[in-house]
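Subject: Structure handover

Hi,

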Amino acid sequence: MNTQRTPQKRRLAEWVELIQHREMPIFNNTVHQVLRVSEDELAPAAALAQVIMHDPSLTTRILKLANSVHYNPAGASTGHSLTTVNRAVVVLGFNAVSNMCLAATLVDDTIEGATRERVARELARALHAAIQARSIATAREDKAPEEVFIAALLHRIGELAFWCFGGEQAEALDQLYRQQPTTLPERAQERVLGFRLNQLSGQLAKVWNLNELVREAIVTPSVLDERVQTVVLGQQIALCAEDGGWHTEPMEKLVKRAAKMIDLAIGETHKMLQHNASEAAEMAAVIGAQIAAPHIPQQQEASDQPTPETPTETAAAEATTDVENAAPEPDAQLQLRVLRELSTLIESGTASLNQVMTLALEGIHRGVGMDRVVFALITPDKRTLKARYALGSDPERLLARFQFTRLPGQNHPLFTVIERKQARCLRGEALADVPATVIQALGRTPFMIAPIEIAGQGIGLLYADRASSARTLTEPLFEDFQHFAKQASQGLTLAARRRAR
């Protein structure tokens, strides 16, 4: 790299001063979800906290504001900061959080150029690490898994902020990374910036008064504290999966560490960590972080898996690289566990559309054993269906393609299943009823659909297929699929009635 053309360096203190007064962009879907929850007068603070916690930027803003002198004068002077988003929301109030979102800029609109990929990778790693750390913390019965989640989510906040606002120096560092891929990132950072980005993370955590666990995990990651080590382990798992996939020697060592920490068999721990990665990718899609989701490695993306050399004609064939590993097998135990979680959620009285449908899709995808699952909402005029959530093979492509409009007088099965309130399994000759627009978007493949209702009113549908693996849709699978659809409708109906009281 020609050092003569390197932009003038700022000192670490100057970067801290620059960034601490800037607001990192948040996600469009996060904004909409926060506003939707905020408009519900009966929604608990915990529901809003759950939405916020999956967006690193918004989490930072909420904690920073809640620990400011204005809102927490005693804490600001004594160091006793608010450590959970749930408590921060209670302190700030729903209106303040809503106003913050209304004033927010959006990540997809503001991040451009070569550094966009760096932002995407940092977001992916943050969300992946946070979900891994929370899962491990929960398994070892941590006193406050939310604090561990936040600490892992914000562990690399300096890196994320730098790629958002680094300008010419970010471009220079990106160029050095690409030109000298074998150079340690920390060495490259020191060469271009004069300091390491983890130092920026530590300073920002301090000036923003983030909680002690965040700061300890950044500044003293080797300290012998179980909570700090859980945060660090989550980060290491995310990075290792990103670098080499799920079947490498370094990953096996991390799996053994996690298994020992939570007192679980190595094989079961490996499955749990892979499931956490799937959850992270799904959550990225839910909050609108489409730029991040592809960077969260899934099980079927192991480095030794072959990649198709030529494109195929159908969307179904595009969605897989290794059929055997990508196709989830039916798992009766998992179905039962998800249904139990769904029942518990419904009985708690705090169930939301997001929570119910996320569980239902998880049960159908991993429990029933379907390659692709979609929940789509129908517009008030009943003319358009658009995917809201998707799981399975290439969920981003599925979300983008699953949008259909019904022509006047058209006998469209995706719409008639909602009108007639009756599930259908379309295979064989029945596929002749499927419009060309659906086949073009999803491939010519058998599929199952079922209406989703609230108090008898159709709001959308569930769709599931086995397009990637080309496996047969059987009657038992259709029955299991319908069971999840009915449970989801019942849960949403009960939740709506409770909110109306």
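Ala470 lies in the loop between strand E6 and helix H26 (475-500); helices (H or I, at least four residues) and strands (E, at least two) are DSSP runs, numbered from the N terminus. This residue has a positive phi of about 60 degrees although it is not a glycine. At 66% relative accessibility, Ala470 counts as exposed, where exposed means over 50% relative accessible area, buried under 20%, and partly exposed in between (1.4 Å probe, protein chains only). Glu141, in the loop between H9 and helix H10 (145-153), is another non-glycine residue with a positive phi of about 60 degrees. Glu141 is exposed too, at 72% relative accessibility.

Before the rest, a word on how to read the numbers. This is a predicted model, in which local features need pLDDT of at least 70 and side-chain atom pairs count only at pLDDT 80 or more, while totals for chains, interfaces and linings use all residues. Residues are numbered from 1 along each chain as its sequence is written, and side-chain values use heavy atoms, with hydrogens and water left out.

Now the charged pairs. A search of the whole structure turns up 21 salt bridges, each being a side-chain nitrogen of Lys or Arg within 4 Å of a carboxyl oxygen of Asp or Glu. One of them joins Asp465 and Arg372, at 2.8 Å from N to O. Asp465 sits in strand E6 (residues 457-465) and Arg372 in strand E1 (residues 372-378), so this pair ties together parts that are 93 residues apart in sequence. Both Asp465 and Arg372 are buried.

Another salt bridge links Arg134 with Glu279, whose closest N and O atoms are 3.7 Å apart. Here Arg134 belongs to helix H9 (residues 115-139) and Glu279 to helix H18 (residues 266-287), so the pair connects parts that are 145 residues apart in sequence. Arg134 is buried, with a relative accessible area of 17%, and Glu279 is partly exposed, at 26%. H18 also holds Lys271, which is exposed with a relative accessible area of 53%.

Glu159 and Arg156 form a salt bridge as well, with 3.8 Å between the closest N and O atoms. Glu159 is buried at 6% relative accessible area, and Arg156 is partly exposed at 23%. There is also a network of salt bridges that links Arg140, Asp142, Glu147, Glu226 and Arg227.

H16 gives the largest share of the lining, six residues. By class, the lining has ten nonpolar, seven polar and eleven charged residues (Ala, Val, Leu, Ile, Met, Phe, Trp, Tyr, Cys and Pro count as nonpolar, Asp, Glu, Lys and Arg as charged, and the others, Gly among them, as polar).

On to the rings. The count comes to seven aromatic pairs, taking rings of Phe, Tyr and Trp (its six-membered ring) with centres within 6.5 Å, and calling planes under 30 degrees apart stacked, over 60 edge-to-face and the rest tilted. Trp15 and Phe162 make an edge-to-face pair, 5.3 Å centre to centre with 65 degrees between the planes. Trp15 lies in helix H1 (residues 12-20) and Phe162 in helix H11, so the pair ties together parts that are 147 residues apart in sequence.

Finally, helix H4 (residues 56-66) has ten of its eleven residues buried, so H4 is largely enclosed by the rest of the structure.

Best wishes
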